[in-house]
Amino acid sequence: MTHTKAGSARRIITCLLLAIFISAFYGQEKEAAYSTTLTTNLAYLTLSAISCSKNSALVIVPVYCEIMLNDFLGANPSTVVIYTSNVQTSHYGLMILAELGITLHPNKKGHAGFVIGIIPGIVYSFDSNISGYTISANAGYQWLIKDRLVINTTLGGRYINIDGQMLIPDLGINIGYKIR
């Protein structure tokens with residue numbers, strides 16, 4: 001890790017810790033504390049279904065988790081597995097993103113309402129044996145239906161640094177369940 005990357009990582013960690021510290025005073029712990037949701041991104045699954053043919057495949061499988069620490073702040077461990085193949089070139093690839101971020105719920109409704117997320121993580125490509133880092137930011141709205149079904153939409157961007165840099169838009173159309 002170069003000096004610049006180390007400085008960026010320290011700034012990200014400092015911001016996350018500051019947000020947690022501030023939320024301890026801003027949010028109020030309620031029954032919703034430590035409630036957990038598991039969701040997946042329907043946009044990525046649809047892209048996977050459309051992208052697969054008899055000669056090639058692109059499969060993106062995201063699994064997101066949100067653990068409410070209080071009615072204002074959530075911790076977000078997540079993973080995204082990306083598999084690619086092309087029969088004609090005999091290329092097969094497997095990549096994994098592991099992330100741990102925070103979500104802020106300004107309206108203090110726990111899993112429901114407006115949500116803002118900052119999610120740093122690491123990325124590893126098994127076929128190339130290289131690793132890198134990623135950070136994404138998003139904002140959107142989340143519905144909790146009948147205290148179990150979670151639906152949310154988010155827009156944002158994702159910066160990925162692995163054997164080069166790229167900035168891509170990120171669309172979330174997520175569905176899942178509140179499990180606790």
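Biologist: What makes the stretch holding S78 a strand?

Modeller: S78 sits in β3, residues 73-86. A strand is a DSSP run of E at least two residues long, numbered from the N terminus, so that stretch gets the name. By the way, this is a predicted model, where local features need pLDDT of at least 70, side-chain atom pairs count only at pLDDT 80 or more, and totals for chains, interfaces and linings use all residues. Residues are numbered from 1 along each chain as its sequence is written, and side-chain values use heavy atoms, leaving out hydrogens and water.

Biologist: Why is S78 called buried?

Modeller: Its relative accessibility is 13%. Buried means under 20% relative accessible area, exposed over 50%, partly exposed in between (1.4 Å probe, protein chains only), so S78 counts as buried.

Biologist: And what makes I119 buried?

Modeller: I119, in strand β5 (residues 113-125), comes out at 11% relative accessibility, so it counts as buried too.

Biologist: How do you know which residues S78 touches?

Modeller: Contact means heavy atoms within 4.5 Å. Leaving aside residues up to four places away in sequence, S78 touches V63, Y64, L97, A98 and E99. For I119, with that neighbour rule too, the partners include E99, L100 and G101.

Biologist: How far apart are the C-alpha atoms of S78 and L100?

Modeller: They're separated by 6.4 Å, though S78 and L100 are 22 residues apart along the chain. For I119 and P77, 42 residues apart along the chain, the C-alpha separation is 8.8 Å.

Conventions. Helix = DSSP H or I, 4+ residues; strand = E, 2+ residues; numbered from the N terminus.
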